[in-house]
Amino acid sequence: MSSTVSVENDVAPRADLAPRDWLEIGQALLKSGGLRALKLRSLAQAAGASTGSFYHHFKDFDGYHAALASYFAEAQIDPLLASLAASELAPVERIRAFAEHVRDHDMSQLALAMRAWAKSDARARRRSASMTTR
């Protein structure tokens with residue numbers, strides 16, 4: 001009997017992936033296929049990595065979902081809103097700047113996917129709600 005460990009899909013684990021990479025890949029999957037596309041196997045395949053690499057960064061898929069919901073708001077929306085709030089732009093110009101940023105960074109499809117996800121997931125719902133109450 002062989003003592004070698006089989007890696008899922010014969011993909012060598014990638015040591016260079018960081019949690020942010022997994023979150024970005026998850027967002028890309030959400031944008032292209034919605035929540036149904038966000039599966040561990042799809043993530044690993046898109047990352048060119050094994051599921052073991054995923055579990056190096058996230059305890060479980062539930063924890064990943066929580067991190068993904070927070071990442072959208074805390075790493076992408078919060079800094080943008082803070083920057084706009086600190087600017088000297090008039091309110092209407094802030095709205096235009098926000099819309100331009102969303103368009104320039106291809107965030108509209110992701111925002112729609114996050115809102116759809118929020119309908120079925122409390123973590124995503126809390127993050128979406130906090131975005132609309134600012």
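## Fold and overall composition

The protein chain contains seven helices and zero strands, and its order along the sequence reads α-α-α-α-α-α-α. Helices (H or I, at least four residues) and strands (E, at least two) are DSSP runs, numbered from the N terminus. This is a predicted model, in which local features need pLDDT of at least 70 and side-chain atom pairs count only at pLDDT 80 or more, while totals for chains, interfaces and linings use all residues. Residues are numbered from 1 along each chain as its sequence is written, and side-chain values use heavy atoms, with hydrogens and water left out.

Of the 134 residues in the protein chain, 34% are buried; buried means under 20% relative accessible area, exposed over 50%, and partly exposed in between (1.4 Å probe, protein chains only). The chain exposes about 8300 Å², of which carbon and sulfur atoms supply 55%. These areas come from the Shrake-Rupley method with a 1.4 Å probe, and for residues only the protein chains shown count as cover. Among contacts (heavy atoms within 4.5 Å) between residues at least 6 apart in sequence, 63% join residues at least 24 apart.

## Nonpolar core

The largest nonpolar core has 28 residues, and those with the most contacts inside it are W22, L30, L38, L43, F54 and Y64. Such a core is a set of buried Ala, Val, Leu, Ile, Met, Phe, Trp, Tyr and Cys residues joined through side-chain atoms within 4.5 Å. Two or more residues are given to this core by each of α1 (19–33), α2 (40–47), α4 (61–86) and α6 (108–118). The most comes from α4, with seven residues.

Not counting residues up to four places away in sequence, W22 touches L17, L43, A44, A47, A49, S50, S53, F54, H57, F58 and Y64. Helix α1 also holds Q27, which counts as buried because its relative accessibility is 3%. Leaving aside neighbours within four places in sequence, Q27 is in contact with L68, Y71, F72, Q76 and L110.

## Aromatic residues

The structure holds seven aromatic pairs. F54 and F61 form a tilted pair, with 5.7 Å centre to centre and 40° between the planes. F54 is buried, with a relative accessible area of 0%. F58 and Y64 form an edge-to-face pair, with 5.0 Å centre to centre and 85° between the planes, and both F58 and Y64 are buried. Rings of Phe, Tyr and Trp (its six-membered ring) pair if their centres lie within 6.5 Å; planes under 30 degrees apart count as stacked, over 60 as edge-to-face and the rest as tilted.

One aromatic cluster is formed by W22, F54, Y55, F58, F61 and Y64.

## Salt bridges

Side chains of opposite charge can pair when their charged atoms come close. A search of the whole structure finds four salt bridges, each a side-chain nitrogen of Lys or Arg within 4 Å of a carboxyl oxygen of Asp or Glu. One of them joins R20 to E24, with the closest N and O atoms 3.7 Å apart. R20 and E24 are four residues apart in helix α1, so about one helical turn separates them. R20 counts as exposed at 55% relative accessibility, whereas E24 is partly exposed at 31%.

E93 and R96 meet in another salt bridge (2.6 Å, N to O). Being three residues apart in helix α5 (residues 91–104), E93 and R96 are likewise separated by about one helical turn. E93 is partly exposed at 35% relative accessibility, and R96 is partly exposed at 45%. D104 forms a salt bridge with R103, the closest N and O atoms lying 3.3 Å apart; D104 and R103 are both exposed.
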